[in-house]
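Please consult the sequence and the coordinates alongside the text.

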Amino acid sequence: METTVYCWGSGAEGRLGNGDTVSSAIPVAVAMNGALSGRTVTEIAAASDSDGSNATVCVIADGDPFCWGSGTAGQLGDGRATNSSVPVAVQSGGAIVPGTTTRIALGHRTACAVAAGTPVCWGLRADSAVPAAVDASGALSGTVTSDIDFGDRHGCVVADARAHCWSVGASFELGIGGPAHDSPPVAVDTSGALSSCATGWLPAMLGAGQCAPGEGIEVGYRVSYQKAGWSSPDTVVISAWRGPAS
């Protein structure tokens with residue numbers, strides 16, 4: 001079943017995906033008659049530079065990634081370093097197995113995804129205009145990645161229910177191996193507050209009695225409720241401790 005994606009705001013670099021670079025104060029439909037024709041979009045992500053420039057949008061449709069907008073650093077993943085005002089398919093068949101992409105995230109002129117349980121990235125911080133596999137020879141060896149995120153100079157994944165991260169230096173290390181990429185992912189330290197904590201959706205883990213902070217660590221949480229037709233969110237701080245699963 002084909003779905004329609006809508007964007008609004010600045011149209012610079014073609015970031016609205018409608019074939020134009022004109023801004024719009026109301027949602028406009030992304031072009032669905034090209035690379036996304038007949039596709040069902042299930043996830044969307046967007047990012048730009050801190051000043052709002054170089055904005056890129058990516059989606060997952062039927063298990064494949066597509067991007068549009070700024071592509072000057074190769075962040076569209078189609079092998080080029082140019083902008084596109086309509087969605088283009090990210091190159092598959094190499095680091096990305098067709099039809100297996102489940103998660104996607106964007107950072108500073110960089111896109112990352114999870115495909116067939118493997119983290120891949122492309123763009124500025126990957127120093128590649130097509131997807132390149134994140135180094136899985138160390139902490140990620142033998143694991144299956146389920147989620148991914150990327151910031152300005154670092155990336156993180158959830159693999160086998162544990163968090164792993166890597167930093168990005170001046171030479172654009174992204175943990176993809178080779179002499180110029182010497183910062184592979186490392187497991188996040190779980191000896192303290194995250195001890196015995198499986199990485200996942202925190203409320204669900206707490207509800208299952210599988211994850212709680214260390215003794216004496218303050219935890220902020222938000223409680224929302226509805227009564228007599230009105231709602232009010234409250235934030236409280238409590239002291240929590242780690243105990244056996246109930």
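## The disulfide of Cys 156 and Cys 165

Cys 156 and Cys 165 are joined in a disulfide, with their sulfur atoms 2.0 Å apart; a disulfide is here a pair of cysteine sulfur atoms within 2.5 Å. The link of Cys 156 and Cys 165 is right-handed, with 110 degrees about the S-S bond. Cys 156 is partly exposed, because its relative accessible area is 24%. The accessibility classes are defined as follows: buried is under 20% relative accessible area, exposed is over 50%, and partly exposed lies in between, with a 1.4 Å probe and protein chains only.

## Basis of the model

The model is predicted, so local features need pLDDT of at least 70 and side-chain atom pairs count only at pLDDT 80 or more, whereas totals for chains, interfaces and linings use all residues. Residues are numbered from 1 along each chain as its sequence is written, and side-chain values use heavy atoms, with hydrogens and water left out.

## The other disulfides

The structure holds three disulfides. One of them joins Cys 58 to Cys 67, whose sulfur atoms are 2.0 Å apart. This link of Cys 58 and Cys 67 is right-handed, with 105 degrees about the S-S bond. Cys 58 counts as buried because its relative accessibility is 0%, and Cys 67 is buried because its relative accessible area is 0%.

A further disulfide is formed by Cys 112 and Cys 121, with 2.1 Å between their sulfur atoms. The angle about the S-S bond is 105 degrees, and the link of Cys 112 and Cys 121 is right-handed. Both Cys 112 and Cys 121 are buried.

## Burial of Cys 7

Why does Cys 7 count as buried? Cys 7 is buried because its relative accessible area is 9%.

Where is Pro 98 placed? Pro 98 lies in the loop between strand E6 (84-89) and strand E7 (101-107). Strands (E, at least two residues) and helices (H or I, at least four) are DSSP runs, numbered from the N terminus. Pro 98 counts as exposed because its relative accessibility is 51%.

Leaving aside neighbours within four places in sequence, Pro 98 is in contact with Asp 64, Ser 92 and Gly 93, contact meaning heavy atoms within 4.5 Å. From C-alpha to C-alpha, Pro 98 and Ala 115 are 8.3 Å apart in space, while 17 residues apart in sequence.
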